[in-house]
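Hi everyone, thanks for coming. Let's have a look at the structure together and talk about what sits inside.

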Amino acid sequence: MLYNFKRNTEFYIVYGGNRYSLDVYPDVTFSQTFSEEGVAKKTLHSQNDNFDGAIITKAAPANFNFTIPLLDEEDFQIVFDLLVDYDVYNIKSFDLYADSDHGVYKLTTCVFESGAFTLDRNQPLALALSGTAKQLTRVGTHGAYTIPGTPVPRSTKRTLVLALRNKVTVGGSTLDYVKSITLELQNKIQWTPADTLQASLAVTGSSNTIYPNSYTLEGRILSWSITQYVTEDAYTAQQTWSTGSAITIQVGDKYPYTIDVNIPSAVYTNRTEPGDLISQTYDFRMLTNPTALSSVITYN
């Protein structure tokens, strides 16, 4: 008996005719479920048939999650671009492949719905991603199936970036003694179902299951939290809120910073958090609507 181990699985993004190899953390998952509808079988002439039947004609959008390190090299710039960029007023889609010990799995027409940047001090910078896709299939056998796309060469080095330096300003004032920073982009994706009465009647088995047809972007939210130690020489007003404040966040282990965020206008609330060391947390949300989000968040 031979098993497939997730730790041996290699992951690839295929976009624009190119194939990009990814380094992912062990938290990677992917799955897809089918929609089942119960059908009552009890009738006037069959009172003992207490167990309902079932009809399966369609599948829900597939789901996937994975986390990548934000390297000093540009190997994963494609992931960042697919998360933040538009393509004719919609989020760009791509295909994701998982090449395991014995099988190759494909997620077709993937879109990122969430990207969370982990920017904790003295920790490697990372980006946790989650999204949905049209269809999950097993497309071949390891070693016998060739993943499409022209391979994009990886850098000779793979350098993790620590959040040794950070610079945060709120309304022009610098925040000292920053403990942690989290930054998350949410893309509100709505999948259009392809099921109609005629299509449902044509389903005869799993081979012609109805999958979601297309997707639209219904909105975006850029939010973040900044936790700061409360000290005597870094005292700021606590339990406050503000609207229309300009925010800048720069994080990395050298200059120029690896992550550079420049928000013209944001709303924030400030809350006190007692602990071994008293801290306060700012929770922000961007108010502006930039033409290109890549002009607001830069991954160098």
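Here's one to start with: which residues does I13 touch, not counting those up to four places away in sequence? Keep in mind as you look that this is a predicted model. The residues in contact with I13 are N18, R19, Y20, L22, V79, L82, F94, D95 and L96.

So where is I13? You'll find I13 in strand β1, which covers residues 10–15. I13 is buried, because its relative accessible area is 0%, and buried means under 20%. I13 and I78 are 65 residues apart along the chain, yet 8.8 Å separates their C-alpha atoms.

Seven of the eight residues in α1 are buried, leaving the helix mostly covered. The buried ones are Q77, I78, V79, F80, L82, L83 and V84. Two of these, V79 and L82, are also on the contact list of I13.

Now, the wider picture. The largest nonpolar core contains 57 residues, and L222, W224 and I226 have the most contacts inside it. As background, nonpolar side chains tend to be buried together in soluble globular proteins.

Let's zoom in on W224. Leaving out residues up to four places away in sequence, W224 touches T182, L183, I247, I249, I263, A266, Y282, D283, F284, R285 and M286.

Methods. Residues are numbered from 1 along each chain as its sequence is written. This is a predicted model: local features need pLDDT of at least 70, side-chain atom pairs count only at pLDDT 80 or more; totals for chains, interfaces and linings use all residues. Side-chain values use heavy atoms; hydrogens and water are left out. Helices (H or I, at least four residues) and strands (E, at least two) are DSSP runs, numbered from the N terminus. Buried means under 20% relative accessible area, exposed over 50%, partly exposed in between (1.4 Å probe, protein chains only). Contact means heavy atoms within 4.5 Å. A nonpolar core is a set of buried Ala, Val, Leu, Ile, Met, Phe, Trp, Tyr and Cys residues joined through side-chain atoms within 4.5 Å.
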